[in-house]
Amino acid sequence: MKKPKIIIVMPAYYAGSMLDKTYKDIKKGLANEIILVDDASKDDTVERAKKLGITVYVHKQNKGYGGNQKTCYTQALKRNPDCVIMLHPDYQYDSTKIPQLIQPILKGEYDIMLGSRIRTRDEALQGGMPLYKYIANRFLTLSENIILGLNLSEYHTGFRAYSMKVLETLPFKNFSDDFVFDTQFLVSAAYEGFKIGETPVPVRYFPEASSINFRRSITYGIATLYTLMQFILEKLHIFHYPIFSKESTT
């Protein structure tokens, strides 16, 4: 059997201070290529990435978290990969766990794998997750499980792996340029019937790790519930939404 082609993508925004640590934890030889897309940062993210030998693409203007991922996956697909890992370069997620994340995809057991931060409440809170984020995560995850018919421990992790078929099928260019991109991705995947699995991963919370503030968390929560409403209306053939469309709106 030929060796699978693995691509790691890093959506980056002011990630210079933590990039080296994130990169050094990635098992050598695991990925065929690491791609970093810098979203118009003003720090040394680009310079550090180039010194590490990472392939770098730079947005001249900030396109947002979702907009960054669109560039990540567009570039990754050009490499014809078997599996694409999305890893935040801020050292929040433990990149030594990538092998556990991708094996179920390479074996054909799942199409998408999520690195779940929530195994128990105490573990999540002791790891530094703010209480309000934990409560919001639990509420949104319960809503998503009920509506999508799944049984995942969380949907809001920034550590994920996708098969090439998923990226070729989902209309991700139609998704939001903001943080709700991640939710739309999984809701669209569930609509298409892709198999979604998860594995527990430790997570680190500290000032340098990127995170959205309380106000943006509220906006994200509302946008997530709206996306679930879209899923219901799409399933009932009452309305049609671009996040379930094969025709790009960009």
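How much accessible surface does the protein chain have, and what share of it belongs to carbon and sulfur atoms? The accessible surface comes to about 12,000 Å², and 55% of it belongs to carbon and sulfur atoms. Such areas come from the Shrake-Rupley method with a 1.4 Å probe, and for residues only the protein chains shown count as cover.

Before I continue, a word on the source. This is a predicted model, in which local features need pLDDT of at least 70 and side-chain atom pairs count only at pLDDT 80 or more, while totals for chains, interfaces and linings use all residues. Residues are numbered from 1 along each chain as its sequence is written, and side-chain values use heavy atoms, with hydrogens and water left out.

Let us begin with the overall fold. The protein chain has 9 helices and 7 strands; these are DSSP runs numbered from the N terminus, helices being H or I with at least four residues and strands being E with at least two. The radius of gyration is 17 Å, close to the 18 Å that the globule rule gives for 250 residues, so the chain is as compact as a globular protein of that length. The radius is taken over C-alpha atoms, and the rule is 2.2 Å times the number of residues to the power 0.38. Along the principal axes, the C-alpha atoms fill a box of roughly 50 × 40 × 40 Å.

Of the 250 residues, 54% count as buried. Buried means under 20% relative accessible area, exposed means over 50%, and partly exposed lies in between (1.4 Å probe, protein chains only). A contact means heavy atoms within 4.5 Å. Among contacts with a separation of 6 or more, 74% are between residues 24 or more positions apart.

Glu154 is found in the loop between helix H6 (131-148) and strand E6 (159-163), and its relative accessible area is 0%. Which side chains does the side chain of Glu154 meet in polar contacts? One is that of Arg117, at 2.8 Å, and another is that of Asn137, at 2.9 Å. A polar contact is a pair of N or O atoms within 3.5 Å; within protein, one must be able to donate a hydrogen and the other to accept it, and residues adjacent in sequence count only if both atoms are side-chain atoms. Beyond four places in sequence, Glu154 also touches other residues, including Leu114, Thr141 and Glu198.

Thr183 is found in helix H8 (residues 181-192) and is buried, with a relative accessible area of 2%. Its side chain makes a polar contact of 3.0 Å with the side chain of Tyr220. Leaving aside neighbours within four places, the contacts of Thr183 include Glu144, His156 and Thr227.

Asp20, in helix H1 (residues 16-24), has a relative accessible area of 23% and is partly exposed. Not counting residues up to four places away, Asp20 touches Arg48 and Leu52, and its side chain makes a polar contact of 3.2 Å with the side chain of Arg48.

Finally, Lys5 lies in the segment before strand E1 (6-12). At 32% relative accessibility, Lys5 counts as partly exposed. A polar atom of its side chain lies 2.8 Å from the backbone oxygen of Arg79. Lys5 and Lys235 are 230 residues apart in sequence, and their C-alpha atoms are 35 Å apart in space.
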